[in-house]
Amino acid sequence: MTNALELTAVRKHFGEVRAVDGIDLTIARGEVVAFLGPNGAGKTTTIDIVLGLARPTSGTVSVLGRTPTEAIAAGLVSAVMQTGGLLKDLTVRETVQYTAALFRQTRPVDEVLQRAGLLEIADRLVGKCSGGQQQRLRFAMALVPDPELLVLDEPTTGMDVEGRREFWAAIREDAGRGRTILFATHYLDEADAYADRIVLMRRGHVVADGSAAEVKAMAAGRTVRATLPGADETTLAKLPGVEAVEVRGDTVLLTGRDSDAIARHLLTKTSAYDLEITAENLEDVFLALTSDGNAA
Amino acid sequence: MISPAILRIELRRMIRNRRTLIFTVVMPPVFFEIFGVGNSQAHDRAGSGNVIAYVLVSMAVYGAMLASTSAGASVSLERAAGWSRQLRLTPLKPAAYIATKLAVALAMSAIAVAVVYAVGSTSEAAMPSSAWISTALLAWACSLVFAAFGLFMGYLLPSENVMQVLGPVLALLSFAGGLFIPLNQLSSGFRAIAKLTPVYGVGEVARNPLTHDGRLVSALVNVVVWTAIFSVGAAVRFRRDTARV
């Protein structure tokens, strides 16, 4: 089966600015992937390339085995953009009907409205809808062709907490149907809560790629804390995978990427007890991986 | 190529816009009553009909022109709202989008012409029945020139409400084109310039079945040249707008 998305050595330069500077990325079907990174990391440019709105300076893009333009034309990929893309003087239903008229194969308009939670306000003018309702309308429009890949570009920017919660509830329900979802966000909690996989971007590069747990481990690893009376700092520092050791009385703190190996050693080769493994929170990782001069 | 569902939604949308409705459906018949029926020479002879009929055709051209220009110029608002970008995420071909805009423009101008002629039919406007039909059809068909004009301006001007700019421009062009006052009331210098403006040709062509005057060829040349200018302008801007970066 072809992958949902394959980017190979993709670059996009605007004059001197390297918005995307060599990205390799493969997303299998059914994955829910978060594109995480600060503003200017290249998330939106990468998404524009995936959607065929921008042409890469070099590199190749394959969306479900086709070019982005072919995938769009076939209704295989659709997108929820951050802002715009709506006409204020149409009703919610008319907007979806308009979209449905453009595709050859579509889900029924009412079904799509219902899945986006818009059925009750279907006859409301778009200009009278709240920001959250407008975003759910963009989502409804994206559902119309029943795409295999759904791309969302910072979909909850500017939404209140309640709006964000309702929006993600709708998306999560949809992801349960096996659709591949790629979303860009700069909200760490969203990436942590809704994605199977996080792709961390900084200055046009992918700096980390893996599950939330893996990405967290990638930055500074996990910390293994144990009680070990009479611990010898130098011996512990030589253990495989250990990057930092701290001894505080009877307590030792070992930091490393392979916390499992460290824990196994402590439990089998030493008299350590009261073992605790903690990960840094994603926010620390995000800062560590994306701040200047500290790239992983 | 043009979806009936989209055409229906677009028309509903135009009709929902009160400003468009007033400009295209209310004002032309009102002007007809003032300049036509209320004209001091209303029953004087004009070609094979009377002055009321002459003004009737002029006002139909005026209404059709406003309707089709605003339909074409709606691309400006759609670009500002990001709707054009949204449409690029669908299989819609850019040419089909333009074709839909032209179809909406023609539908709206048909409504504008029909309203003026409906009001006119209850007046004392007089012309041969063949001229009633042919002038109405010509006023309607010539509105395509202004659909192209609206598209061109819609792609050229960044403004969100481009019709606020185009309204006064169209009023000026209508005066220059002789829709409100006959051109022979202007000085010969002004008249020479006025004959080069885009509304002049359309008005002359539409009124020709009534007036039968000998200026048809120069009027047709005027229509063809302006159609070409507006279409090429719209096409160039359109291509720039839809080009991928």
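Is the crossing of α3(B) and α9(B) left-handed or right-handed? In this predicted model, the crossing of the two helices is right-handed. Helix α3 of chain B covers residues 51-80 and helix α9 of chain B covers residues 198-211. Their axes come within 10 Å and cross at roughly 140°. Angles over 145 degrees count as roughly antiparallel and those from 65 to 115 as roughly perpendicular, and α3(B) and α9(B) are therefore oblique to each other.

On the α3(B) side, the contact is made by Ala53(B), Tyr54(B), Val57(B), Ser58(B), Val61(B) and Met65(B). On the α9(B) side, the residues are Val199(B), Val202(B), Gly203(B), Ala206(B), Arg207(B), Leu210(B) and Thr211(B). By class, the residues of the contact of α3(B) with α9(B) divide into nine nonpolar, three polar and one charged.

In chain A, strand β10 consists of residues 222-227 and strand β12 of residues 251-256. These two strands pair in the antiparallel sense over six bridges. One position to look up in this pairing is Thr227(A), which stands opposite Thr251(A) in β12(A).

Note on methods:
Residues are numbered from 1 along each chain as its sequence is written. Chains are lettered from A and ligands numbered from 1 in the order in which they are written. This is a predicted model: local features need pLDDT of at least 70, side-chain atom pairs count only at pLDDT 80 or more; totals for chains, interfaces and linings use all residues. Side-chain values use heavy atoms; hydrogens and water are left out. Axes are lines fitted to C-alpha atoms, for helices over the stretch in contact, and angles run from 0 to 180 degrees between N-to-C directions. Helices (H or I, at least four residues) and strands (E, at least two) are DSSP runs, numbered from the N terminus. Angles under 35 degrees count as roughly parallel, over 145 as roughly antiparallel, 65 to 115 as roughly perpendicular and the rest as oblique. A crossing is left-handed if the near helix is turned anticlockwise from the far one by less than a right angle, and right-handed if clockwise. Contact means heavy atoms within 4.5 Å. Ala, Val, Leu, Ile, Met, Phe, Trp, Tyr, Cys and Pro count as nonpolar, Asp, Glu, Lys and Arg as charged, and the others, Gly among them, as polar. Two strands pair if DSSP finds at least two bridges between them.
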